[in-house]
Amino acid sequence: MAKGESKAIRINFEGVDKEIRRGGGGRVHIAEGDYPVKIVDSETLTSERTGSRYIRWKAQITRGPEKGKTLYGTTSLKPDALWSLRNLIHAAIGKNVAGRSVNFDPSNIYGKEVAAAVEDNEYERDGRSRITSQISTFFPLDELEEGNDDEEDEGEEEEEEEEDEDLEDVAVDEI
């Protein structure tokens, strides 16, 4: 190569995850608790073990010392477990879809900020015990910021009942 010639090479980073992290991209472990997260992606999958369908959600922490870390959670599509997806939809867009049939496109809640309860997930791999963090449930962001006062909880229950009554008049066909 002649002196002064550019050594630049063209590299296409399309499809590379935007999250900057150490190592080979293993799952993160953070303290259990409630965190503000933004929904960034999802996949609809089928369990190899049970044959049941579920949605695997990818979310990023939006504030605090863990900001930018990616977490995963699932919502089952089995009828007796749809409460989890109902909670996520309610947290993301403020609508209670219980008792309705809807056409739901998961991408419609990408970019929405919600709160997530994060728990440890312990498993064995290669003969070693490992712990990662996973989202166990989603809930409205304002509940994270309010705290868990008993008096506030009572007020929230009354408010939720009023919201449910208002939503009975709303036809939700597409989400």
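1. The accessible surface of the chain comes to about 12,300 Å², and 43% of this area belongs to carbon and sulfur atoms. These areas come from the Shrake-Rupley method with a 1.4 Å probe. The model is a predicted one, in which local features need pLDDT of at least 70 and side-chain atom pairs count only at pLDDT 80 or more, while totals for chains, interfaces and linings use all residues. Residues are numbered from 1 along each chain as its sequence is written, and side-chain values use heavy atoms, with hydrogens and water left out.

2. Of the 175 residues in the chain, 28% are buried (under 20% relative accessible area, 1.4 Å probe, protein chains only). Among contacts (heavy atoms within 4.5 Å) with a separation of 6 or more, 54% are between residues 24 or more positions apart.

3. The chain contains three helices and five strands, which are DSSP runs (helices H or I, at least four residues; strands E, at least two) numbered from the N terminus. From that terminus on, the order of elements is β-β-β-α-β-β-α-α.

4. Strands β1 (residues 33-46) and β2 (residues 53-61) pair in the antiparallel sense over nine bridges; pairing requires that DSSP finds at least two bridges between two strands. Within this pair, K38 has Q60 of β2 as its bridge partner. The two strands form a hairpin with six residues between them, and G51 in the turn has a positive phi of about 80 degrees.

5. Strand β2 also pairs with β3 (residues 70-76), in the antiparallel sense and over seven bridges. Here the bridge partner of A59 is L71 in β3.

Key. Buried < 20%, exposed > 50% of the residue type's maximum accessible area, 1.4 Å probe, protein only.
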